[in-house]
Amino acid sequence: MTQYQYAPLPSDIQQKAATTNIFQRIKQLTTSRPSKLKKLRPIRLLTILPGHHDDEIMVSLHQTSLDARPTPSYEALSYVWGSPKDPETIFITGSNELWDIQVTRNLAVALRHLCYTDKPRVTWIDAVCIDQSNLDERSSQVQLMGDIYGLAPSGVIVWLGPEEGESKYGMQLLEQLSSKVEIVEPGTFVPSAQSQHDGTWADTNQPLPYQGRELFALGCIINRPWFTRVWIRQEIFLASDNALVLCGDCTMTWNNFCKAVRCVFAKNTPAVLRQFPIQTRWFKENENSLARICELARKTPFTYKRLRKAQGYSDCKDPRDRIYAVLSMVYAPEQQLGIVPDYTLSILQVYRDVVRRFVGMGDLDLLAECRPTDSSWISWVPNWSQFSRSDSLQYTFLTGGPFLAVSRNLNNDDILSISGVRIDRVSKVFDLHNLIDYNYGSFIKMIRTLIPSDYAQMNYATGGSAIEAFVRTLVTEQLEEICHPPALGPPKLLDGIQTIRKIIAPGNEAIQYHDFDDGEKKFISFVNTTMEDKTFFFTSSSPPLMGAGIQSLQPGDLVCAFLGCERPLLLRPIENSKYRVLGPAYLRGYMHGQAFLGPITAPFRAVTTFVPQSGGDVFGFLDTGTGRFQIEDPRIDVLPLDWRDYKKYCKQGLRPLRTVAPEVFESVGVKMEWFDIV
């Protein structure tokens, strides 16, 4: 038997020749004129020949084009490759010859389930339809993935895997549930025509009629490896409404599948959890899986930042795919970045290219995803190939103000030179990791270690009481009051202040956990969650600032604010006046543009609120006198520039970002610096 040899695909998407300097590459992409040549979109299609489940797998491959007329009919398969160990042989026929090719066992099982007994089935399956050994072809075909899945005339097939355990029963339960409810808006359900006389299915305060077996069966479906794969996000995002979910021999539409899972997730309410302990335990164990599927159901474009956060627990074989696998999902402005899959580049080169392109747009937010690395890796490039815990700074901040990043070209791909403000130097560091273990005696000891009993009478460096600043830092400002209207999930500021006052009050040395009320216990719980992967630090100024940062923080590290970056960054000075990025920080008093525009004064305070025009939560300012929210920064006129356009767009619910030269800030007393980061 002869191993199959791929015939080259016709030359397709025109690619710019790589140059040695990333700045030149970006300039080429932003200044070159569109080509008048018609772009070809050649692909291969895999036809699964008729057979029975136990037969040898027989297929054929043929070349075609997405631009062919009539449009080729095929189904695109979304699946998990699985382990390359112990592969299985399938056979390719053509021109009176027979070749063999190796595929993973996961794919072989899928092909057996997809095989019809009486007719061929035309599919597109990446592992076989792309010559995986040809890096140039991989790069060009990955550019077409959005079209391949989005244009699949016969739809996308989601292969969850063979029947295992109670998976068949789980699929039946989900199909039944989908027939009982309809979604009128996100999180709101009504009874379907079939269940008009039984509203409990759609009532989120009523439990599902599920016990141990039913909950186990649902877990057999929602915890399948398919849901953790990076590529599936784009594949199902682009799929048409006729996408199918296949698990063993059970089939249901993707829309019905998502509707049922969203209904299950919506039942995770206090009213349900108080009454049914068995469902409480199940929701606690499966909450992340349910949330992941609900996120997959979203059909509106994402920002790279949100996609990166959603990818935290996702798996991929090639770390470069953490970028390439989402190119067709990002919203329009970020698609203009010009990122092109190129598997001839190293992982570091791919990631560096992405950061450079964002910096070129004036956006430094990706630097907040950096974590300490050794000298072999560029510190300002996040190493997305390594898993890192999701950042617990949940709310929107705007440390860099309403401004775009300012950078300069040093003609060195490995150095990022950006303009910012050196706020302060870290002086004392407290690693709380060993104390944050849900042992409340340790929590009380931690508080007394960090602040003295006379702290209750002290003021904070940037205004307000030191106790309030301490409370805000312990939960990185995740408080009910940071949202407008107030959010119901986080603790209240007053509860946090009362908790700290109780702990440090003279004569309260024997205080126990049961001495705190429910609001105070919620605050303690939030501190445990927020600080479990952080250090608490004081700065060297007098009086000192308070902050929270990475665990490897050291005295002498710098806390800096940068134009175009929503959070302060921690930098470590090294030789030759260079710096390395350590990661983001929370610094009380500098999270809302104060480094560039000065303090926020009454009647305004910084809040976040949902703005429909922006499609999500937006940072802004609440006039506490009138109760009116505004995006416009009330301090903006301190800079001697024309802000009429800025104010006009703010009134429309938008946040315009503007490039302002460092000299303008210096003219009003802001001490700007250039930081060369390696």
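The dialogue below treats cysteines, salt bridges, aromatic pairs and charges over rings.

Modeller: This is a predicted model, in which local features need pLDDT of at least 70 and side-chain atom pairs count only at pLDDT 80 or more, while totals for chains, interfaces and linings use all residues. Residues are numbered from 1 along each chain as its sequence is written, and side-chain values use heavy atoms, with hydrogens and water left out.

Biologist: How many disulfides are there by this rule?

Modeller: A disulfide is a pair of cysteine sulfur atoms within 2.5 Å. The count here is zero. For Cys 250, the closest cysteine sulfur belongs to Cys 247 and is 6.7 Å away, which is too far for a bond. The sulfur of Cys 560 has its closest cysteine sulfur in Cys 565, at 11 Å, again too far for a bond.

Biologist: Is Cys 560 buried or exposed?

Modeller: Buried means under 20% relative accessible area, exposed over 50%, and partly exposed in between (1.4 Å probe, protein chains only). Cys 560 counts as buried because its relative accessibility is 0%. Cys 250, at 14%, is buried as well.

Biologist: How many salt bridges does the rule give?

Modeller: A salt bridge is a side-chain nitrogen of Lys or Arg within 4 Å of a carboxyl oxygen of Asp or Glu. The count comes to 31. Among them, Arg 229 and Glu 235 have their closest N and O atoms 3.1 Å apart, and both residues are buried. Asp 318 and Arg 320 form another, at 2.8 Å; Asp 318 is buried at 10% relative accessibility, and Arg 320 at 13%. Asp 86, Glu 88, Arg 105 and Arg 112 are linked in a network of salt bridges.

Biologist: How many aromatic pairs does a search of the whole structure find?

Modeller: Rings of Phe, Tyr and Trp (its six-membered ring) pair if their centres lie within 6.5 Å; planes under 30 degrees apart count as stacked, over 60 as edge-to-face and the rest as tilted. The search finds 24 pairs. One of them, Trp 124 with Tyr 149, is edge-to-face, at 5.7 Å between centres and 80 degrees between planes. Both of these residues, Trp 124 and Tyr 149, are buried.

Biologist: Which ring lies under the charged end of Arg 658?

Modeller: A charge sits over a ring if NZ of Lys or CZ of Arg is within 6 Å of the ring centre and within 35 degrees of the ring normal. The charged end of Arg 658 sits over the ring of Trp 643, 4.6 Å from its centre. Trp 643 also belongs to one aromatic cluster with Phe 403, Phe 596, Tyr 646 and Phe 665.
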